[in-house]
Amino acid sequence: MSNAANNSPDEKKAGASFSRFAQALSQWAGRPLTFALACVLLVGWALSGPFFHFNDTWQLVINTSTTIITFLMVFLIQSTQNRDTDALHIKIDELLRTTHHAHRVLMGLDDMGSEELQKLRKTYEEMGEENNATEGSPQKVANREEQQERNPGD
């Protein structure tokens, strides 16, 4: 979880600015035109090899350039991924919150350990298998579980 509540106003402003910058740059970087431009630059570099006699400096240009770009893109991608993941979690939490038959345990998945998540995954796989075997809808499975919770002896 983030420490957004503990940040100063300047840190929040800088974070929001970086988030907007990262989002815009990732949108630009993911376009086909950007990929084509990178390919053109790479071909141009390769074609310039004979002019520079394929020397060490010529090789160093591409190595340094790609290393710097890769290094910066890692942070850009991570920032964008964090933002998208947070937005997705909020949307899913809202859907779970408003769904009558949703299991309340699902609201706290982020706080569960790996073993707990694996057990829960297994439970849902079993529900899916049961659902396929009985051709019941997820709603019917939820209804049966609700009945079992109300009447544990049945």
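Leaving aside neighbours within four places in sequence, which residues is Thr-80 in contact with? They are Ala-22, Gln-23 and Ser-26. Contact here means heavy atoms within 4.5 Å.

The model is predicted: local features need pLDDT of at least 70, side-chain atom pairs count only at pLDDT 80 or more, and totals for chains, interfaces and linings use all residues. Residues are numbered from 1 along each chain as its sequence is written, and side-chain values use heavy atoms, with hydrogens and water left out.

Stay with Thr-80 for a moment. Thr-80 sits in helix α3. Helices are DSSP runs (H or I, at least four residues), numbered from the N terminus. The relative accessibility of Thr-80 is 10%, so Thr-80 counts as buried. Buried means under 20% relative accessible area, exposed means over 50%, and partly exposed lies in between, with a 1.4 Å probe and protein chains only. A polar atom of the Thr-80 side chain lies 3.0 Å from the backbone oxygen of Leu-76. Residues three or four places apart point the same way, because an α-helix has 3.6 residues a turn.

Now take α3 as a whole. Its buried residues are Trp-58, Ile-62, Leu-76, Ser-79, Thr-80 and Leu-96. These buried residues pack against α1 (9-29) and α2. How far apart are the end C-alpha atoms of α3? They are 62 Å apart. The 43 residues of α3 should span 63 Å at 1.5 Å a residue, which agrees. The expected span is 1.5 Å times one less than the number of residues. At the start of α3, a side-chain oxygen of Asn-55 reaches to within 3.2 Å of the backbone nitrogen of Thr-57. A polar contact is a pair of N or O atoms within 3.5 Å; within protein, one must be able to donate a hydrogen and the other to accept it, and residues adjacent in sequence count only if both atoms are side-chain atoms.

Next come the aromatic rings. A search of the whole structure finds four aromatic pairs. Rings of Phe, Tyr and Trp (its six-membered ring) pair if their centres lie within 6.5 Å; planes under 30 degrees apart count as stacked, over 60 as edge-to-face and the rest as tilted. Trp-45 and Trp-58 are stacked, because their ring centres are 4.0 Å apart and their planes are at 5°. This pair links distant parts of the chain: Trp-45 is in helix α2 (residues 32-47) and Trp-58 in helix α3 (residues 56-98), 13 residues apart. Trp-58 is buried, at 9% relative accessible area. Phe-51 and Phe-52 are edge-to-face, because their ring centres are 5.0 Å apart and their planes are at 85°. Phe-51 is exposed at 65%, and Phe-52 is partly exposed at 38%.

Which residues form one aromatic cluster? Trp-45, Phe-54 and Trp-58 do. Phe-54 lies in the loop between α2 and α3. Phe-54 is partly exposed, at 45%. Its phi is near 50°, a positive value in a residue other than glycine. His-53 is found in the loop between α2 and α3. Phi of His-53 is near 60°, also positive in a residue other than glycine. His-53 is exposed, at 67%.

Finally, the record. An unreviewed UniProt entry lists residues 33-52 and 58-77 as "transmembrane region". UniProt positions follow the numbering used here, feature names are shortened, and annotations may be inferred rather than shown by experiment. In the model, residues 33-52 are 75% helix and 0% strand, with end C-alpha atoms 28 Å apart. Residues 58-77 are 100% helix and 0% strand, with end C-alpha atoms 29 Å apart. Strands are DSSP runs of E, at least two residues.
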